[in-house]
Every structure is written in C-alpha cells, then in structure tokens.
Amino acid sequence: MTDELLTIGAFAARARLSAKALRLYDRLGLLAPAHVDEASGYRYYRAGQVERARLVAMLRQLDMPLARIAEVVEVGGAAGADVLAAYWADVEARVAGQRTLAEYLRGRLSGRSSEMYGKFVVETVRLPEQVVIAERRHTLADELPTWIGASLGRLEGASRECGGVTAAPFVVYYSEVSMESDGPAESCVPVADEAAARAWAAEHGRTWEIRVRVEPAQRFAYTRVTKAQVAHPQILAAFEAVEEWITSQGLEQAGPCREIYFADWDAAGPDDAVCDVAFPVK
C-alpha cells in the first residue's frame, strides 16, 4: 500500500495544503481519499490526486460555490474552463453592479447628489405614435428582472403574428417597484399591425393579461445606462438624474417613466449601454 498511496501528511506536503484543508475537502465531497483504513480511520491519497487538490484550493479562493467547484473538477479540461468562465462573467457583472450601487450610496450619504447626477447625460427625443402589445403585472423588485425577460419574450413571440416589431421594447412603471412597492409595471413591444394585434390579443391575451393600445407621439427626456447600471437600486440614480434635469429645464413630467431596451441583453457586457431611462415631458 505504501508504494501506491500517500499518507494524508505526505500528500498534504506534496499538494502544498494542510491536512485540515484535505479533511474539509473530503467532508464537502470535493476530494475524497483514495483509501480509508477501516481500523484506524487514516486517510490515504494517490499522487495523481495532487492536481485536483490544488485546483480545488484555487477555486475556493474565487469564492466559487461548492456545487460549481465540483462541476469544474469533475468535467475538467475545456469544459471545466467554460464553467469557470461562465461563473467569472457572473462575478464581474455582480461586482460592476455593486460598484455602481456603492457610488450611488456614497453620493446620497455625502450629500453629493448633484455631482452624482452629473455623470448622466440627459437629452430629449420625440418618439412617433406606436401600436404596442403590452403585459401588465404587479411585481416586487427581486422578481422584476425575471418577469421583464419572460414577458418581453412572450410579446416578441406574439409580434410575429402582428406585423413584426417596429421599435425597441420598453417597460413602463405606473408606480414605484421596490421591495416594498409592487408597481404595477407594463412590458410593451411596438408592432406594425394594430388590427392583427387586437385579433391576437382577443384570442390569446387572457392567459398573460395582454392588451393592445396606441402610444401617442411624445417628447421624452432620457439618459442612457449600462447593463450594470440597470440593476435595482442603482438604476434609481439614473431616474433621479432625469427628474432633476426635467425640473432644471422648466419642463413637466407628462406620464409614467420607462426603460427602453435597445440592445441584445444576453450579448451585452456589464459596461455596454443597453437601456434608456426616459420620462415623457411637456
């Protein structure tokens, strides 16, 4: 046995880890000993397990969840690298969002709101009349991203029977959406054929409370935000910046605010512009 197996002390020295860490990895199901003596309970490892032990240790330094570590070490190779890449992309997106949130909170706490709002460039644009198919729902902030993706997906699917999509999808907020307030919010997709849209909604709309309406031509004040900035509550800084700009220009809000999604969300990185935060004004 001594020719094939290493004691936990010898293996720990070769792997440059502590025996305590190896016992932890065993307990977590990440690296089991090659053999455990039934009488003594001593653990023995094979030299070929050294690479896996070091890999587990390094992955834990990334704060990777145990299930994801297990997946990386099990599949290994290029597949394991892909799992790691997907995990790290999520980390970077989360950190980018947290960085934006920290800047927002520092600005509020230090009374530097004007300086914070100055980071957003606010412009105006006049949008033409649009026929939209819309789905409305009461939702809290933690459920909002999932619902937006699902509802816009349903509406974009329906648009194929309504003459196709004619402009960027958007979400209208009729009241605050937070962890204490549930809106409602309304996902909207502009389509080409009003008659076809109304016929489709009459036949299929009850399941998701889909309706059809005509958005009038309106002037909007808006600012463009990145994917990282879309997350709640850091996106509130963008809404507040536009509201402050509207007041400073002597304009009035003429309806509920909205987010206009003009980019491919899945393909965008944390620092890519994906959305306009907009208020109708007069």
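User: Which element gives the most to the lining of the largest pocket?
Analyst: Helix α7 does, with seven residues. Lining residues have an atom within 4 Å of a pocket point; a pocket is an open set of points on a 1 Å grid over the protein atoms alone, where a 1.4 Å probe fits, with protein on both sides within 12 Å along at least five of seven lines. Helices are DSSP runs of H or I with at least four residues, and strands are E runs of at least two, numbered from the N terminus. This is a predicted model, in which local features need pLDDT of at least 70 and side-chain atom pairs pLDDT 80 or more, while totals for chains, interfaces and linings use all residues. Residues are numbered from 1 along each chain, and side-chain values use heavy atoms, without hydrogens and water.

User: What volume does the largest pocket have?
Analyst: About 1,100 Å³, taken as the space filled by probe spheres set on grid points that are joined across faces, edges and corners.

User: Which residues lie closest to its centre?
Analyst: Of the 38 lining residues, these are Ile148, Val230, Ile235, Glu259 and Tyr261. Elements giving two or more residues to the lining include α7 (144–159) and β10 (257–261).

User: How does that lining divide by residue type?
Analyst: Into 23 nonpolar, five polar and 10 charged residues. Ala, Val, Leu, Ile, Met, Phe, Trp, Tyr, Cys and Pro count as nonpolar, Asp, Glu, Lys and Arg as charged, and the others, Gly among them, as polar.

User: Tyrosine 261 again: what is the geometry of its ring with that of tryptophan 265?
Analyst: The ring centres are 6.2 Å apart and the planes stand at 75°, so the pair is edge-to-face. Rings of Phe, Tyr and Trp (its six-membered ring) pair if their centres lie within 6.5 Å; planes under 30 degrees apart are stacked, over 60 edge-to-face and the rest tilted.

User: Is tyrosine 261 buried or exposed?
Analyst: Tyrosine 261 is buried, at 13% relative accessibility, whereas tryptophan 265 is partly exposed at 35%. Buried means under 20% relative accessible area, exposed over 50% and partly exposed in between (1.4 Å probe, protein chains only).
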